[in-house]
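Let's take a friendly walk through a few strands and some backbone angles. Have the picture ready and follow along as we go.

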Amino acid sequence: MSATANKPRDRLPSYRRRYTQIFAWVTLALALVSIFTHRYVVMQSQASSTQAALYERSASMLNDAFVQLYRVRQELYDFLLVPTPTQQTALDTALSHLDDALRRLAEQGPGFPEDDSLTIARMLQEDGRNLRLQIHELVTIRHDPTRWFPATVLIENEMQDSNTLFVAQLDALISSVRTDAPSAEPTATLLMPLFDLQKSWLRMVDELRLVIANRFGAHADEPLQGIRTRAENITLYASHVNQLLGELQQHNPGVREDPLIEAEITGLAVHARAWQEAFAVLITQLTNDDWRADLAYLRKKVDPDLRLMQQRLEVLRIELQLLRNRQIEAVNATSIRIANVLFAALALMLVLGIIGFLSLDRLILRPILTLAGNLKAHAGQTPHTPPAPAAVSETRDLIDAFDEMRTQVVQRERELDHLAHHDALTGLPNRSLFRRRLGEALAASAQHGMLVGLLFMDLDRFKQINDSYGHAAGDQMLREIARRLLSVFRQEDVVARLGGDEFAVLLENLHERDEMMRLAEKALGAIERPYAFQDHMFYSGASIGIAVAPDDGTDPDRLIQLADTAMYACKLEEGSSFRFVSSEMSDHAAARHTLENELRDAIRQQKLELHFQPVVSTSDRSLHCFETLLRWPHAEQGMLQPASFMDALADAGLCSTISDWALDQIDKRRPAGDSVVSINLSARLLHDEHFAGRLLERIDEGRPPPEQLIIEITEDSLETDLRAAGQILHELQQRGVRVALDDFGTGQASLSHLRRFPFDYIKIDQSFIDGIGEVPNDEKLIRAIIGLAHALGMQVVAEGVETDAQFDFLRREHCDYVQGFLVGKPTADGS
C-alpha cells in the first residue's frame with residue numbers, strides 16, 4: 001500500500017475509462033453495421049414476400065385450370081356414356097368454369113417470369129375456345145344415332161327389311177301349307193322342314209341382337225371376343241338355313257309338285273342371302289375402331305386438344321417451380337451475406353477481446369495474483385512482500401478493498417464461532433460447546449485424578465409461566481436465571497443452556513462431592529428467588545441431577561444421560577431439589593423409556609382401544625350417556641388402564657395426539673346411534689392453543705355435534721391451568737357442549753373450582769362411594785356434595801357404583817346419575 005500511496009490517487013489512469021471509450025467506438029461500429037444489415041434484410045424480406053404472394057396466386061390459378069380441365073374431361077366422358085340433359089348441363093358448366101380459369105390465367109397471371117409463359121397462357125385461352133366448339137360438335141353427333149352409330153343405317157335399311165320379308169313370307173307359306181292340304185302326305189313332309197327353317201331363322205336373328213349388345217359391352221368383358229363368338233353362332237344358323245332351303249328346293253316332293261311353293265322357297269332364299277350379305281358388312285363395321293363416330297371424333301379431335309392443353313399447363317407449372325427455386329436461391333444468398341457480416345463482426349469482437357485481455361492481464365490480473373499471494377501468506381502468518389505499485393486506479397481500489405475485507409472476515413469468523421457455540425437468548429455455551437468442554441475436562445481429570453461434576457437442571461413450572469404470561473416473560477426469566485447461575489458458580493465452571501428450560505453446569509478440579517452439593521444448593525437458592533415481569537411476580541424452582549466422573553463413568557454422552565435420569569427422578573419425587581446418580585434410577589429410567597417406546601409403537605400401529613361405560617339415571621335406570629375410557633391391550637401385561645401409562649403418555653408429549661384420535665373415533669362410531677358420549681380431557685390440553693383451536697373447530701363443524709358431547713375435566717389438572725382452562729370451558733358451553741368436573745373431592749380447591757368454572761355435572765370420586773355403609777363421614781360428604789351441586793344448579797354423577805346398597809343410598813339422596821359395574825361394565829361397543 002505504501003508504494004501505491006506514492007502516486008497521487010486522482011492522477012492514476014483509469015482502466016475503466018479506457019475500456020469504456022473502446023467499447024463505445026466498437027458499439028457504434030456494430031450499430032452502423034446492424035442498421036445497414038437490418039435495412040438490407042427488410043428489403044430482401046419484402047421482395048421475397050411479394051414474390052411469394054405472386055407465386056401463390058399464380059400457382060392457385062394454375063391449379064384451378066388443371067382442376068377445371070380434368071372436370072371437363074370427366075363430364076364429357078359421363079355425357080358420352082349417358083347423354084341426358086342433366087349430363088349435358090354439367091358439361092356446359094364445366095366448360096364455362098374452364099373458360100373462366102383460362103381467362104384469369106391469361107389476364108391476371110403477372111407471376112409468370114417470362115413473356116413465353118404469358119404467350120402460352122393466352123394460347124391456352126384460345127385452345128379453350130376451340131375445345132368448346134369441338135365438344136359442341138361431339139354433342140351434336142352423340143344426339144343423332146345415325147351419326148354416332150353408322151351401323152344403324154345398315155341394320156334398319158337392309159337387314160331389317162330382309163328379315164321382315166323373310167319372316168312374313170315364311171309365315172304365309174306355313175299357313176298356306178296347313179290350310180290347303182292338312183292331311184296330304186307330301187304336304188306333311190313339307191311342313192316339318194319349314195318349321196325347322198323358321199326356328200333356325202329366329203335363333204339367328206336373336207344372335208344378331210346379342211352381337212350388337214356385346215358391341216356395347218352388355219354381356220362380355222371383352223366386346224370383340226363376344227362379337228366373334230356370336231358371329232360364329234350366326235354363321236352356323238345361316239348355314240343351317242341355307243341347307244334347309246336347298247333341301248326344300250331339290251329334294252322335297254311337295255315343292256317340286258307345286259310351282260307356287262317352289263317360287264316361295266326361291267324368294268326365301270333370296271331374302272336370306274341378302275340378310276347374310278348385310279350381316280357380313282355389319283360385322284366388318286362393328287369390329288372396326290370407328291364403329292362409333294362419337295368415340296372416333298373424341299379420339300381424333302378432342303383428346304389431342306385436351307392433351308395439348310394439359311402439356312401447356314405443365315409447362316407453366318415448371319416455369320412457376322423454377323421461379324420458386326430462384327426465390328429460394330435469393331434467400332440463401334441473403335442468408336450467406338448476413339452470415340458473412342456476422343462472422344466479420346465476430347472476428348472483430350474476437351480481436352478486440354484478445355487485445356482487451358492482454359491489457360487486462362498486464363494492468364489488473366497480474367497485480368491481483370500478486371495480491372492473492374500476499375493474502376495467502378497473511379493467512380498462513382508468514383512474511384510477505386508488499387504489492388507492486390498500482391498501475392491503474394481500479395487495482396489500487398481492489399487492494400484497499402481486500403485489506404478491509406480481511407479485517408471484516410476475521411471479525412465475522414469470531415462472531416460466527418460464538419453464534420455456533422453459544423445460546424442466542426442467554427449468551428451461555430450451547431449443547432455442542434458444553435459437550436466439547438466436558439470431553440476436555442474428562443481427559444484432564446484422567447491425568448490429574450480430580451473429580452468432574454455434571455449438574456443437569458430442569459426448571460419447575462416454566463411452561464406454566466411461559467404460557468400464562470407470554471414468551472416475553474419466559475425469555476426474561478431465562479436470561480435472569482443465566483445471570484444468577486453465572487454469579488453462583490466459579491469463573492472456571494461452565495454454565496450452559498442445553499435448550500428450552502434445561503441448563504447444565506460443568507464443575508472441574510473438585511476433590512469431593514460435598515463441594516458439588518454446596519454449589520447445587522446455592523444454585524437452587526438463586527433460582528427460587530422471585531421473578532418480576534411488568535406488574536407480576538412469579539416463582540420457580542429446579543430439579544437437578546448430578547453425575548460424577550469418574551465414579552459414574554467417563555463417557556460424555558453417558559454422563560449427560562445419567563444426570564438427566566437423576567434430574568427426572570428428582571422431579572417425580574419432590575421437585576426443586578437435587579439428587580446424585582444411583583443404579584436404581586438407571587433401572588427405573590430404562591423401564592420408563594421402554595414403556596414410552598412401546599406406547600409410541602401402539603399409537604402408531606393403532607393398537608389402543610376405546611371402551612364405553614354407560615351412565616344411567618337413578619330414577620328409572622334409563623341410559624343418560626356413555627363415558628369413553630381408553631384401554632391398551634399390552635402384549636405382555638394384558639389390558640392396561642390409563643392410570644398405568646398416562647404419566648408416560650404425558651412425558652412423551654402424546655396427550656394431544658391421543659385426544660385427537662379419541663375424538664375422531666367418537667365421531668366415526670358410537671355405541672348407540674346418536675347417544676351422548678363423554679370424554680376425559682386434561683386442563684393442560686385446553687391450555688394448548690393449537691389443541692384448543694382444533695377442538696373448537698371440530699365442535700363448530702359438528703364432529704361430533706356439541707349437544708352429543710360431554711367433556712370431563714379432572715380436578716387436579718385445573719389447579720395449574722386456571723385462566724386458560726376457564727376461557728376454553730366458557731367457549732365450549734356457549735357452543736352447547738356440557739362440561740363435567742371429574743374426581744370431585746380429590747383435589748385441593750374444590751369449592752373454588754365450583755365457583756369459578758361453569759360445570760354442568762359433578763362426578764363424585766369412587767373413593768367416597770366405597771365408604772357407603774362403612775364410613776359414616778363418607779356418606780355425610782356425599783350428602784353435602786349432592787346438596788351443594790343442586791344448590792349451584794349442577795347435576796351429580798356417582799362413579800364406581802358396584803352394589804345395590806350403594807345404588808339405593810344414592811337414589812335416596814337424590815343423586816342424578818350413577819356409573820359403575822352394577823349398571824354396566826366398559827365394553828368396546830357399549831353393550
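Look for Ile-710, whose bridge partner in strand S13 is Arg-738. This model is predicted. Strands S12 and S13 pair in the parallel sense, over five bridges. S13 also has bridges to strand S14 (residues 761-764): three of them join these two strands, which run parallel. Here Phe-744 has Ile-764 in S14 as its bridge partner.

Is S13 enclosed or open to the outside? Five of its seven residues (738-744) are buried, so the strand is largely enclosed by the rest of the structure.

Now step back to the loop between helix H22 (689-700) and strand S12 (709-714), where you will find Gln-708. Gln-708 is buried, because its relative accessible area of 15% falls under 20%. Setting aside neighbours within four places in sequence, the contacts of Gln-708 are Arg-670, Asp-674, Ser-675, Val-676 and Val-677. Pro-704 is found in the loop between H22 and S12 too.

Next come the backbone angles. Most residues other than glycine have a negative phi, and most peptide bonds are trans.

| Peptide bond | Omega |
|---|---|
| Ala-549 to Pro-550 | near 10° |
| Arg-703 to Pro-704 | about 0° |

Pro-550 sits in the loop between strand S6 (541-549) and helix H17 (556-573).

Which phi value does Gln-606 have? The angle is near 55°, which is positive in a residue other than glycine. Gln-606 lies in the loop between helix H18 (583-604) and strand S8 (609-617), and counts as exposed at 61% relative accessibility. Asp-743, not a glycine, has a positive phi of about 55°. Asp-743 is found in strand S13 and counts as partly exposed at 23% relative accessibility.

Conventions: Residues are numbered from 1 along each chain as its sequence is written. This is a predicted model: local features need pLDDT of at least 70, side-chain atom pairs count only at pLDDT 80 or more; totals for chains, interfaces and linings use all residues. Side-chain values use heavy atoms; hydrogens and water are left out. Helices (H or I, at least four residues) and strands (E, at least two) are DSSP runs, numbered from the N terminus. Buried means under 20% relative accessible area, exposed over 50%, partly exposed in between (1.4 Å probe, protein chains only). Contact means heavy atoms within 4.5 Å. Two strands pair if DSSP finds at least two bridges between them.
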